[in-house]
Amino acid sequence: MDFEEQEDVEEIREEDDFLGLDEEFATTDEVQKKDAVMFLVDCNEKLFKSLDGKESQFRKILAAFQSFLKSKIISNVDDRIGMIFYNTKLSNNPLNFDGITEVYGLESPSADRIRDCLKLEQRFDQDFQLGPKAMIHQCFWLCTNQFRNLEKNKFSMRIFLFTTDDVPYFKDQNARDQTIQHAKQLKELDVQIELFPIESGDGNEFKINRFYSEIITVDLDEVNNAVLDQSSKIMDLHQRLKQKEYKKRAINRITLDLSDVKIGFKIFALINKAKKPTSKPLERKTNSTLKKKQQFLCSETGDTLYPNQVQTYVMLGNEKVPLSKDQMSQIKSFEKPSLTLIGFKDIKSLKDYHNIRTAYFLYPDEEHVTGSSQFCDALIDQMINKKRLAIVRLTPRKGSQVKFCALIPQIEKYDDDHFQTPPGFHLIFLPYADDIRPVPDVNWEGTEVSRDGVNTAKILVNALTIQDFDCSNFEDPAIQKFYTYLQGTALGEQNIEEPEDLLQPDYLGMQRYRDIVDLFKNTISMESGVDKQVQKRRGRQNQAQKIEEEIKQEKIEDDSEQPKQKRGGRRKK
């Protein structure tokens, strides 16, 4: 019985995702968890007022909730999303707390819920109504009861708290202490409380340090002015919620070895290619998901082979050399996962063509290696001052290929909206000598261009130059069309709007430069016409020269033959 020849699965995975992780090197950050989010909305009169004739803040919250559901029903239907109103006259919750209404429980997003959520504003006065102040710690208690029903290892649990009141308990110290205590219990369950301060319209700024700074969950990696914003300048709710849609997760953790010193880093992917979701096979009658099962059959007997009966082999000449999984693992294992410093070079030595694949970002891991942030801060300052980059040797996981990389420092910055550019290093993958291919020589015959043609081309380029171009402003039209029709089909929409294709040229805008385009075309056509006449003239001249050279060559050959005959005749004599 022959061995079964199999592809090198590990190499295929590594080619697709260089930092793909196996169980031996994975940490809790890398495990893909489902998302469980509870929207907690403080219902009060300020929330229903229209600011400057625009829609109310309550309407904006519901629209943001609907947008959040739409994104989740497409990206991961197994996520759990819920909503709770507090300070309502109606009390409807499993624990029978006063002034708290559980509008939606923690369930998977559905098309019915997406259609129904915007109608809550119209039905609020009839179904809920504003009531006396409820206790926030009872809201946290209710959320704790909901999250306890989920498996902690499979879900990333969060609470989105929307409120206009920065001091819910002005004099009630007991209620304040109870709220802080329940917030600590949520933290023990790994539940994050994220605050969304809502503009009240009375001109008073929302100050987090009055109360909410003691209960909200602040990630040490994300402490910045955007999180602890105490000003009245609050960005658009949709934009803030979009940033919280996906929890930032490190795809790997690694240590930088400097002799006896080890520095911890988290590895993040700054760019991830957007892809259409893969289709899943369903049973036609029940619409249930089908599971694929793979079996190996013996080509000689047709019997089912078990894993211990299957081996891989490598061809050596005409002989099959069998290798077990342990032997294959030993062959692939080069060294333990590590990041080793080789040295420093001038930052100008890094060329554009050295970047052979998507870069990653290294952020100091203070949680696992104390002192990493302080060390990185000092190293970044010195590398920027001396204009240096670091050359490192990277082995991201056990059995992966060793790579040479460059570390480019990035200093911490804040923009006008308090968004942080984090400190760290960009990890640039460098090519080996075998990866660089020489460019073949190309024989290019240049064409003479007049000064008028050059000036006309300059005018055309300057006129059609795109100002403030940013590739992040353009979405993939194929993916947008796919999701638009998928959403319309799921929600039963009759008229599905065609998404705008932002990659189409601006034909209307180009009409302003029609004269410049026509001038350029006329100039080129005139010069190309002159070139054709010159080429014809040169062609005739070359043909005449060629005929003349052939005649001369024939005469030379005739002259060379005559002396040989004479000399030959004399030798005969």
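1. A surface patch. I466, F469, F474, L502 and L503 make a nonpolar surface patch of about 500 Å². A patch of this kind is built from residues with over 30% relative accessible area and no salt bridge, with nonpolar side chains (Val, Leu, Ile, Met, Phe, Trp, Tyr) joined within 5 Å and like charges within 9 Å. Accessible areas come from the Shrake-Rupley method with a 1.4 Å probe, and for residues only the protein chains shown count as cover. The cut-offs are under 20% relative accessible area for buried, over 50% for exposed, and partly exposed in between (1.4 Å probe, protein chains only).

2. What kind of model this is. The model is predicted: local features need pLDDT of at least 70, side-chain atom pairs count only at pLDDT 80 or more, and totals for chains, interfaces and linings use all residues. Residues are numbered from 1 along each chain as its sequence is written, and side-chain values use heavy atoms, with hydrogens and water left out.

3. Confidence. pLDDT is the predictor's confidence in each residue, from 0 to 100. The protein chain averages 77, and 78% of the residues score at least 70. Where is confidence lowest, and where is it highest? The lowest mean, 35, belongs to helix α1 (residues 9-16), and the highest, 93, to strand β18 (residues 424-429). The pLDDT is below 50 over residues 1-31, a stretch that has 63 contacts in the model beyond near neighbours in sequence. Residues 220-235 also stay under 50, and the model has 38 contacts for them beyond four places in sequence. A contact here means heavy atoms within 4.5 Å.

4. The chain as a whole. The protein chain has 14 helices and 18 strands. Helices (H or I, at least four residues) and strands (E, at least two) are DSSP runs, numbered from the N terminus. Of the 573 residues, 31% are buried. The accessible surface of the chain comes to about 38,700 Å², and 49% of it belongs to carbon and sulfur atoms. Among contacts between residues at least 6 apart in sequence, 73% join residues at least 24 apart.

5. Salt bridges. How many salt bridges does the structure hold? There are 15, each being a side-chain nitrogen of Lys or Arg within 4 Å of a carboxyl oxygen of Asp or Glu. In one of them, R113 pairs with E107, with the closest N and O atoms 3.1 Å apart. R113 has a relative accessible area of 8% and is therefore buried, whereas E107, at 45%, counts as partly exposed.

6. A bridge between two loops. D165 and K133 also meet in a salt bridge through their side chains (3.1 Å, N to O). D165 lies in the loop between β4 (155-163) and α7, and K133 in the loop between α5 (120-127) and α6 (136-147), so the pair ties together parts that are 32 residues apart in sequence. D165 is partly exposed, because its relative accessibility is 21%. K133 is exposed, at 60%.

7. Further charged groups. E151 and K154 form a salt bridge whose closest N and O atoms are 3.7 Å apart. E151 counts as partly exposed at 47% relative accessibility, and K154 as partly exposed at 45%. D35, K72, D79 and R158 are linked in a network of salt bridges.

8. T164. This residue is found in the loop between β4 and α7. T164 has a relative accessible area of 10%, so it is buried. Its side chain makes a polar contact with the side chain of N44 (3.1 Å). A polar contact is a pair of N or O atoms within 3.5 Å; within protein, one must be able to donate a hydrogen and the other to accept it, and residues adjacent in sequence count only if both atoms are side-chain atoms. Leaving aside neighbours within four places in sequence, T164 is in contact with residues including D42, L47, I198 and F206.

9. N252. A polar atom of the N252 side chain lies 3.2 Å from the backbone oxygen of P396.

10. Q181. Helix α7 (residues 173-188) contains Q181. At 42% relative accessibility, Q181 counts as partly exposed. Q181 and H137 are 44 residues apart along the chain, and their C-alpha atoms are separated by 8.2 Å.
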